[in-house]
Amino acid sequence: MQLGGVLISESRIADAVGKLADRVSRDYDLSRVVLVGVMDGAVCFLSDLMRAFGEPVDVTTVRMRRYDGTEGGEVTVSLLPPRDRIEGREVLIVEDIVDTGETCAVLSERLSELGAASIDVCALLDKPSRRTHDVKATYIGFEAPDVFVVGYGMDCDGVYRNLRDVCVLEGGESELN
Ligand code: 5GP
Ligand code: MG
């Protein structure tokens with residue numbers, strides 16, 4: 001697949017990340033928060049978001065993947081943090097995109113089993129039209145149409161994560177809210 005146009009520019013992303021960090025800082029006592037970044041897609045978003053906070057914040061990551069790499073395959077978590085890292089904490093899952101919601105739903109369940117005091121999601125992008133799982137996602141940067149995007153951490157077969165903008169693949173361009 002060929003790279004299409006820019007859907008969200010680097011400067012709009014930076015602006016949204018700053019606003020999300022401000023909102024989270026207002027809503028939470030950051031000393032009780034742990035950011036759980038979902039690798040690999042959230043790599044850029046997590047690194048920018050955590051540095052946008054004006055005070056120290058606990059940061060960790062998990063790795064999530066679909067068992068067979070296709071839609072409908074089972075979502076599994078690996079590298080889950082130990083219980084003492086999560087128990088009694090306000091957990092903020094940091095995701096690139098909430099699509100069907102399954103990834104966040106599966107991870108929320110695991111974090112809840114580890115004794116999280118609360119769980120919410122902070123995602124750069126949301127595709128609400130595709131949702132099949134109920135997910136609490138209070139902090140969203142942009143609502144995206146149902147197109148496949150790459151860049152700013154998001155890949156297509158491992159490629160394009162290093163693009164500074166969020167782009168669409170050829171033929172998939174459309175309006176962003
Ligand atoms: P969900 O479990 O919510 O359906 O899917 C979440 C994951 O699927 C996202 O974290 C992301 O890794 C991947 N995903 C969903 N939509 C896109 C997309 O448009 N582009 C890319 N690169 N990954 C996507
Ligand atoms: Mg992801």
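# Reading the ligand site and backbone

Tutor: Of the 16 residues around ligand 1, those that come nearest are Asp-96, Thr-100, Thr-103, Lys-127 and Val-149. A residue counts as near if one of its heavy atoms lies within 4 Å of the molecule. This is a predicted model, where local features need pLDDT of at least 70 and side-chain atom pairs pLDDT 80 or more, while totals for chains, interfaces and linings use all residues. Residues are numbered from 1 along each chain, chains are lettered from A and ligands numbered from 1 as written, and side-chain values use heavy atoms, without hydrogens and water.

Student: How many residues of each class does the shell around ligand 1 have?

Tutor: Ala, Val, Leu, Ile, Met, Phe, Trp, Tyr, Cys and Pro count as nonpolar; Asp, Glu, Lys and Arg as charged; the others, Gly among them, as polar. Here the shell has 6 nonpolar, 3 polar and 7 charged residues. Strand β5 gives the largest share, 4 residues. Strands are DSSP runs of E, at least two residues, and helices are runs of H or I, at least four.

Student: How is a pair of aromatic rings described?

Tutor: By the distance of the centres and the angle of the planes. Rings of Phe, Tyr and Trp (its six-membered ring) pair if their centres lie within 6.5 Å; planes under 30 degrees apart are stacked, over 60 edge-to-face, the rest tilted. The count here is 1 aromatic pair. Tyr-28 and Tyr-139 have ring centres 6.4 Å apart and planes at 50°, so the pair is tilted. Tyr-28 is in the loop between α1 and β2 and Tyr-139 in strand β7, so the pair ties together parts 111 residues apart in sequence.

Student: Which peptide bond is cis?

Tutor: Most peptide bonds are trans, and most residues other than glycine have a negative phi. The bond from Met-39 to Asp-40 is cis, with omega near 5°. Asp-40 lies in the loop between β2 and α2. Asp-157 has a positive phi of about 50°, although it is not a glycine. Asp-157 sits in the loop between β8 and β9.
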